[in-house]
Amino acid sequence: MQEAIAFTPQLDASSIARWLWLIPALPILAAGIISVLKQPRRKLASNLAIGSMGISLLIAITAFAHVLSGWAHDHAVREVVNFSWLTVGTQAVELGWVLDPLSAVMLVMVTFVGLLIFIYSTGYMEHDENYTRFFCFLALFAGAMLGVVIANSILLLFMCWELVGLTSYLLIGFWYFKPSAAAAARKAFITTRVGDIFFLLGIVWLFAQTGTLLFYDHGSGAIEPLALGGLLVHHSHWGLTAAGAIGLLIFAGAAGKSGQLPLHVWLPDAMEGPTPVSALIHAATMVAAGVYLIARVYPLMAGGSIAPGTTTALTVVTWVGASTALFAALIAVAQNDIKRILAYSTVSQLGYMMAGLGVGGVAVGMFHLITHAFFKALLFMGSGSVIHGVHEEQDIRHMGGLRKYMPITFLTYVVGMLALCGVPIFFSGFWSKDAILESAHAWPLSHAPYYMLVFGAILTAFYMTRQVSYVFFGEYRGHGHAHESPRVMTTPLAVLAVFAVALGIIGTPAWPWFRAFLENHAASVEMHAFSEPAWLMLLLTSFVIVILGIGLGWWVYGNKSPRANDPDALQKAIPPVWTVLANRLYIDELYGATVIAFYYWWAKVADWIDRDIWGDMVSTVIWLTNHWARLNKFLDATMVDGAFDKGCEEIYNGGGVLARIQNGRGQVYLRLLALAVVILAAILIWSGRP
Amino acid sequence: MLAWTIYISFAGALVLALMPKGNAALARVIALLVAAAGFAIAIAGFAAGAGQGRVTIVDVPWVPMMGIHYTLAADGISRVLVLLTGLAAVAGVLFSWNINLRTNEFFAFFLALIGGVYGVFLSFDLFLLFVFYEIAIVPKYFLIAIWGSTRREYAAMKLALYSFVGSAMVLVVLLAAYATSGSHSTGLVSLANANLPVSFQMWAFPVTFIGFGILAGLWPFHTWAPTGHVAAPTAASMLLAGVVMKLGAYGCLRVAIGLFPHGLDPWSWSFLGIGSWRDVFALLAVIGIIYGALVALAQTDFKFVIGYSSVSHMGFVLLGLVTLTQVGVDGAVLQMFSHGVIAGLLFAIVGRVVYERTHTRQFGELEGMYLGRRLPFAAWAFVIAGVASMGLPGFSGFVAELQVLMGAWIAKPWWTAASGVGIVIGVAYTWRALQRAFFTDRLPRPDEHPKEGWPKFDPITWPEITATCLLFAATLIVGIYPSILLNSIEPAVKALLAGGMQ
C-alpha cells in the first residue's frame, strides 16, 4: 500500500479550473439557441449540439490532463471555485464547482460517450419530424448532467440533478403521442422524485448541522474532516451517526435515479424513449449519476468505520446493491423486448456498482461505472441499430439471423455482450466486475452479497446469450428485409467496441492505475499480482461463471431458430417461475395495489371531507342565518315597521326635492359618489400637507 | 412615491366606472395603462428602497379623537409584495383582454381590488390596514358574482362570508388591543412597542392569526378558496390566488406575529407534542400542505386542481411564518411572491388559454381533445408552469420552499419530513393534470379523428403571450438570482422578528 498524498488546498484555482463551468454551459447554450431555431434548420441544430459537445470534450480532456499531470508529479489536484448564491441570516448558501480526479474522469466519460451518441442520433432520428427539438433536449440534458459532475455544492448538484430529471422526462416522453411513452415519462419523473425528496431532506439536515453545502472549501467544506468530525460525534437513531443518516437520505435520492430497489420500476418503462436516449440517459450517464453521487459523498457514508465498508450506511448500500443486482438479472431472463432486457441488465449492473461502492470504496464502484458506460452504451446503440434495421421491431422473437444482414452491428454487439458477461482477460467488464467480486469476497460482515453477485453474474451471461441467440442466430423471422444501418451509426459502435475491450487496462490488479489516480497515491506495475493465489482463484471463478452462463444459454437457445410464436424454452421447462419473472416479480402491481391505491384512497377521502363536511358546514350556517333572518323579517314587518311606516309617510310627503335625485339611474349615483370621493380626496391631500 | 400605486388604481377604477358604456377597447387600454403605471411605480419604489429600512411615506392624523393616523410606509416585505401586486395586476388585465360583458365595470372592480391590496401592504396603521382590507373584499364579491362561472353566487357568498368572519375576528382584536395598550394610537409601531400583557397576547394572537389565516387558506378554514377560485373569472382567480391570499398571510406576519409575538410562547403544558400556538398552527399548516395536495389529486375539474394546489402551497407560507426563524420567514415571504406568480400563471393557462377555447374543464372531456397537439402553446406553458409549481430548481418556488424547509428543520425536523410528503404528492397531481389535459393516455375513438382535421381553436393572442412571458420571466429571475428579493426581505424580517418595528 502506497502513502496517500494529502490534498493540499489550492487557494488560487488554475485557469482551467476557473473555466470549468464552460463544460456544462456550452451544451446548455447550444440548447438555448436550438430552441429558437425554426423546424427546418435541422442540420444547424444537430451541428450546434455536436459542436458544443465536441468543445466540451476538448476542455474536459484538458482538465483531465491537468489533473493527471499534477498526479504524476505527486501533487494531488483538487481545485474549487465557490461563490455565494444567497445569504440566510448570517450564513451564506454557496455554490461552486470542483476539479479533482473524480470529476475529471467522469467529465471525460460523459462528454466522450455523449458526443458519440449525439453523432449516432443524427442517423437514428433522421426521419423524425421533431429533429431540432430532439437535439435541443439532448443538449440540455448533457449540460445538466455535466453540471452534476462538476458541482462542488450539494445544492448545485441537486439543482442540476433535478434538471437532469426534467430533461429525462422530456426525452422519455419525446414521442408523447404514444400513450405508453407519456405514461412512462410521468412514472419516471414521479418515482425518481420520491427519492429526491429524501435527498432534499438530507441536504436540509446537512445544512442545519454544518452550516455549509459545499463539499470542499479549503478545509471548511461539509465532507472535509473538520465538519465530518462534528457529524460523526452527533448520533441519530438506530446506531447511525448524523453523517450516516444524512448519507442514507442522500442514498435514497441516488437509488431513485440509479434504479435501485425498490425504486427501480421506472427504468425499464423508460425504454419507450428513442434509443439514443436510452443509451445516453439510461445506460451511460443519468443512471450512473446516483453512483457518482455516492462516490462524491463517500466520506459521509464511510466516516467512523474501523474496517472498510462496515458503517451502517455502507452496509445498507451494499445490501441494496447486491439485491438489485440479483433481482434485476432474474427478471431480465424472461423479457422479450430487446431494450427491456438491456434495461433490466442496466438496473442489475447499477446494483453491482452500488455494491462495489459499499464493499470496496470509490475506486471499485467508479471503475465499473466507467467500463459499463462504454459497453452498455455500445449495447443500447447496437440494439438501436438492430431496431432500425428490422423496421422498428423490438420483440426479439421477431428477429433472428441478423448476423448475416448486419455484420458490423453483430460484431460490435458481441463485443459489448462479452464485456457485459465479464469474459476474462480480454474485456473491460471482466476487470471491473472482478474488482467488485474481490472486494465482496473480502467483506467482513457477510458472504451473502458475494454469492448474490456471483449468481447474478451467471444470470447475466445467460440472458445475454439468450438475447444474442434470438437476435443474431437462426433464421430471420421478422417482416420486410433486414438491412445494415448507415455509416454514421455504425462508426460510433466500432469506436465504443474498441473501448469496451481496451478500458480494462486501466484497472488490472497488476497496474491499478485507476484506483491509484482516484485515491491519490502513486501507481506502479507489479506483475506478481497476477500470480497471487487469491487472484488466480477469482480468475477461475470468473471463468466458471462465464462458461456456466454462456454455456447454459447456448445449450437452451443457441442456433435453435424457434418460430416467432413458440413459447420460450424456459417457459416450457418451468412455467410458474417463468410467469413470475415475465411479470417482473409483480412489483409494479404491488405498488399499484398498495402505495398508489393508498394515496388515491386518501385523496378521495380528503376530497369527500372537503366537499361534504366543510362544504355542508357552510351551507348549514347559511341556512340558519337565512331562517333567523326570516324570523327577524317577520318581526320587523309586523311590529317595528308598523310604527316606522306611519312616521315615514309623513316625512315622504314633504320630500319632493330629494326625489328628483333619487331617479334610480346608476350613472347619476356614481357621478355623485365620484364627486364625493373627489372632494374627500381633496380634503385629504390638503390636510396631509405639512 | 409608492403611495401613488394606491391613488392611481382607485382613480383608474373611478374613471372606468364613470366612462360611458360600450367602448370596451378603450376600457381595456385604460385598465392596462393604469396597471402598468402601478407596476412601474412599484418597480421604481422597489429599486429606490434597496438598502433602506422602513420608510414612512405619509403620516397624518385621520381620526384624531381615536388617535388613528393615515400612515403609509414601506419596508422590505411591503416593497416585495407591492411589486408582486403590480405584476399580478398587469398580467391580470392582459389575461382579461377578451372580457366583453360590461367591460368597463369589470376593470373598475378589478382596479378597486388592486388599489385595496396596495393599501393593505403599505398601511402602517392597524385601523387603516383594516379599512383597506375591507375595501379589497367587496370587489371580489362582484367580480365572482357577475363574471364568474360554476356556482358563482354560492362561491361569491361563501367567499364574502368567510372573509367577513375573518375580518370580524381581526376587528375584535383591533379594538381590544387599542383599549389594552392605552397608548391612544392604532399605529402598528406604537402598538408593537406598547408592551401588551402576555395574557392578552395569548388570546389575541390565535384570534388574529385565524382571522387573517382564513384568507391565506389556513386549514380547515380554506374551503372558500377552491370554490372561489373555480367560480371566479380568470383575472379574479389570478388575483385571488396571486395577491388576495397574500393579504391573509401578510396580516398573519405583520399583525399577528408583529404585534403579539408572545402569543407564540410555549404554554405551561403540552399534549402530544403540542405545547404552544406555534405548534398548533404549524400542525395546521402541515396538514394543509398534505391535505390540499391530496384533494388536488382527486379532482376531475382542471381548475379545482389548481385551486387546491394553492391551499397546499400557502401551507408552506404559513409553516414558514411560524418557524420564527430568519430563514423560514424569509422563505415564507419569498414563497408569497413565488406562489403569487406561479398560481397566477396556472390559473391563466387553465382559465383563459384552455377554458375559453374548449369551454370545458373536465378532464374526461379534455382527454378527447388532444390539446397537446392542438394547443401546443398551452401545453408547453403548462409544462413549464407545472414544473415551477412543483418546486424544481431554477424557478422561484424551489428557493422559497427550500428556505421554509430549512427553517422548519431548525424548529422541528418532523415538520420538514411531513411537508416532503406534500411535495411528492404535488408532483403527482401536477403531472396527472398535465397528462390528462394535454397528453392523454386514452386512445382515440374513430369519431374523434375527423378526416378534415379538428375544428380550429381561436389563435393564441398577443396579450396571452405577453403576460405568460412576463410571469415566466419573474419566476425565472427570482429562481436563478433570489438575492434580488431576499436582500430586501431579509433585513425587514430580521427587524420584525427582533420584536420591535422601530
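This is a predicted model: local features need pLDDT of at least 70, side-chain atom pairs count only at pLDDT 80 or more; totals for chains, interfaces and linings use all residues.
1. Strand E1 (residues 55–63) of chain B pairs with E2(B) in the antiparallel sense, over seven bridges, and among the pairings Val60(B) has Tyr70(B) as its bridge partner in E2(B). Strand E2 covers residues 68–74 of chain B, and because six of its seven residues are buried, E2(B) is largely enclosed by the rest of the structure.

2. Leu81(B) lies in helix H3 (residues 76–95) of chain B. With 27 other C-beta atoms within 10 Å, Leu81(B) is buried, since 20 or more are enough for that label. Once neighbours within four places in sequence are left aside, the contacts of Leu81(B) are Phe121(B), Lys246(B), Tyr250(B) and Met336(B). The C-alpha atoms of Leu81(B) and Leu334(B) are 9.3 Å apart in space, although 253 residues separate the two in sequence.

3. Which residues have the most contacts inside the largest nonpolar core? That core has 445 residues, and the two in question are Ala377(A) and Leu318(B). Not counting residues up to four places away in sequence, Leu318(B) touches Gly213(B), Ala216(B), Leu218(B), Ala249(B), Cys252(B), Phe281(B) and Ala285(B).

4. Turning to the other chain, chain A contains 28 helices and two strands, and 54% of its 690 residues count as buried. Of the contacts in chain A with a separation of 6 or more, 77% are between residues 24 or more positions apart.

5. Helix H4 of chain A, residues 101–124, reaches 34 Å from its first C-alpha to its last, which is close to the 34 Å expected for its 24 residues at 1.5 Å a residue. As 22 of those 24 residues are buried, H4(A) is largely enclosed by the rest of the structure.

6. Helix H21 (residues 487–502) of chain A can be checked in a similar way: its 16 residues should span 22 Å at 1.5 Å a residue, and the 23 Å between its end C-alpha atoms agrees with this. The buried residues of H21(A) are Met489(A), Thr490(A), Pro492(A), Leu493(A), Leu496(A), Ala497(A), Phe499(A) and Ala500(A). Their cover includes H4, helix H16 (362–389), helix H18 (407–421) and helix H19 (428–442) of chain A.

7. Apart from neighbours within four places in sequence, Leu37(A) is in contact with Leu44(A), Ala45(A) and Thr132(A). His66(A) is 29 residues away from Leu37(A) along the chain, and their C-alpha atoms are separated by 37 Å.

8. Finally, the interface brings 40 residues of chain A into contact with 42 residues of chain B. On the side of chain A that touches chain B, the elements giving two or more residues are strand E1 (79–88), helix H6 (154–172), helix H7 (179–210), helix H26 (587–653) and helix H28 (666–688) of chain A. H7(A) provides the largest share of that side, with 15 residues. By residue class, the side of chain A that touches chain B comprises 29 nonpolar, four polar and seven charged residues.

Notes. Residues are numbered from 1 along each chain as its sequence is written. Chains are lettered from A and ligands numbered from 1 in the order in which they are written. Helices (H or I, at least four residues) and strands (E, at least two) are DSSP runs, numbered from the N terminus. The expected span of a helix is 1.5 Å times one less than its number of residues. A residue is buried if 20 or more other C-beta atoms lie within 10 Å of its own, exposed if 12 or fewer, and partly exposed in between; C-beta atoms are placed from the backbone. Two residues are in contact if their C-beta atoms, placed from the backbone, lie within 7 Å. Ala, Val, Leu, Ile, Met, Phe, Trp, Tyr, Cys and Pro count as nonpolar, Asp, Glu, Lys and Arg as charged, and the others, Gly among them, as polar. Two strands pair if DSSP finds at least two bridges between them. A nonpolar core is a set of buried Ala, Val, Leu, Ile, Met, Phe, Trp, Tyr and Cys residues joined through C-beta atoms within 7 Å.
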